[in-house]
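Please keep the sequence and the model in view while reading.

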Amino acid sequence: MESEYKLLGGAMVTLALATSALVVVPYLQVKKVEPSPGLKPYTEVQLRGRQQYIDMGCVYCHSQQPRSQNQAPDFQRGWGRASVAGDYFYDTPHLLGTMRTGPDLLNIGARQPSVDWHLGHLYQPRAYTPGSNMPSYPFMFELKDKAEEGDKVVNLPGDFAPEGKVVVAKQEALDLVEYLLALDRTYPVSPASVIK
C-alpha cells in the first residue's frame with residue numbers, strides 16, 4: 001500500500017511541475033504584454049477579412065510567426081524580424097499556424113503591398129507564382145461581360161485572363177486582401193522583447 005501512495009504522490013508532483021512549466025510560467029510571462037509600438041487595432045473590414053482567412057483555412061498552410069535568425073532562415077527569406085508577443089496583442093484567437101506549406105504571412109503586407117497582386121493571386125495563384133500548390137478561389141470573384149461602376153476589376157496576366165470576360169472581386173475577397181495588407185509588423189521593437 002505504501003508504494004501505491006508513493007506512486008500517486010510522484011504522479012501528482014510530476015503533474016504539478018508539468019502544469020507549472022507549461023501553463024503557469026508562460027501565463028505569467030505574457031499576462032502584462034502591451035501592444036508593440038506601431039501596432040494598430042484591426043479595422044472592421046480587416047476583421048471581416050481575418051474571419052475569411054479563418055473560414056478559408058489559410059492558417060492550415062501559412063504560419064504567422066517568423067522565427068529568430070538562429071532558429072530558422074526566415075529573415076534571409078525576407079519574412080521579416082522574429083515576432084514578439086506584442087505583435088499579437090489584437091489577435092483573438094491567434095493565428096500562428098503550425099505548418100508552412102506556403103510562406104509565412106505575418107509581414108505579407110510589407111512584402112507585397114499591392115491589392116491587385118493579392119486579388120490576382122487569390123483568383124489564380126499560378127499566374128503569379130508558377131508551380132504554386134495553393135488552391136485558387138474563383139468563387140470569391142464574379143465573371144462579367146462588362147465591369148460596372150464601383151467594381152474592382154482583377155487584371156490577370158496573359159493566358160490566365162478569361163476570354164471575353166472581366167474578373168470582378170467580391171466583397172469577401174476585398175476584405176481578405178485588406179486583412180493580408182494589415183499583416184505588416186515591420187515596425188521596430190525593443191531588443192529586450194526579441195528572443196535571440
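**Surface patch, helix packing and a salt bridge**

Leu22, Val23, Val24, Tyr27 and Leu28 make a nonpolar surface patch of about 530 Å². The model is a predicted one. Leu28, one of the patch residues, lies in helix H1, which covers residues 2–30.

The next topic is how helices pack. Two packed helices are described by the angle between their axes and the distance between the axes. Helix H4 (residues 115–123) packs with helix H5 (residues 171–182) at an angle of about 125 degrees, and their axes are 10 Å apart. Angles from 65 to 115 degrees count as roughly perpendicular and those over 145 as roughly antiparallel, so H4 is oblique to H5. The crossing of these two helices, H4 and H5, is right-handed. On the H4 side the contact is made by Val115, His118, Leu119 and Leu122, and on the H5 side by Ala173, Leu174, Leu176, Val177, Leu180 and Leu181.

H5 also meets helix H2 (residues 44–55): their axes come within 7 Å and cross at roughly 100 degrees. H2 is therefore roughly perpendicular to H5. Residues of H2 in this contact include Val45, Gln46, Arg48 and Tyr53, which meet a set of H5 residues that includes Gln171, Glu172, Leu176 and Leu180.

Side chains of opposite charge can pair when their charged atoms come close. With a cut-off of 4 Å between nitrogen and oxygen, the count comes to ten salt bridges. Arg100 and Asp74 are 26 residues apart, and both are in the loop between H2 and helix H3 (108–111).

How values were computed
Residues numbered from 1 in each chain as written. Predicted model: local features only at pLDDT ≥ 70, side-chain atom pairs only at ≥ 80, totals over all residues. Heavy atoms only, no water. Patch = residues over 30% accessible without salt bridge, like charges linked within 9 Å, V, L, I, M, F, W, Y side chains within 5 Å. Areas by Shrake-Rupley, 256 points an atom, 1.4 Å probe, with all protein chains shown as cover. Salt bridge = Lys/Arg side-chain N within 4 Å of Asp/Glu carboxyl O. Helix = DSSP H or I, 4+ residues; strand = E, 2+ residues; numbered from the N terminus. Axes fitted to C-alpha atoms, helices over the stretch in contact; angles between N-to-C directions. Parallel < 35°, antiparallel > 145°, perpendicular 65-115°, else oblique. Left-handed = near helix turned anticlockwise from the far one by under 90°. Contact = heavy atoms within 4.5 Å.
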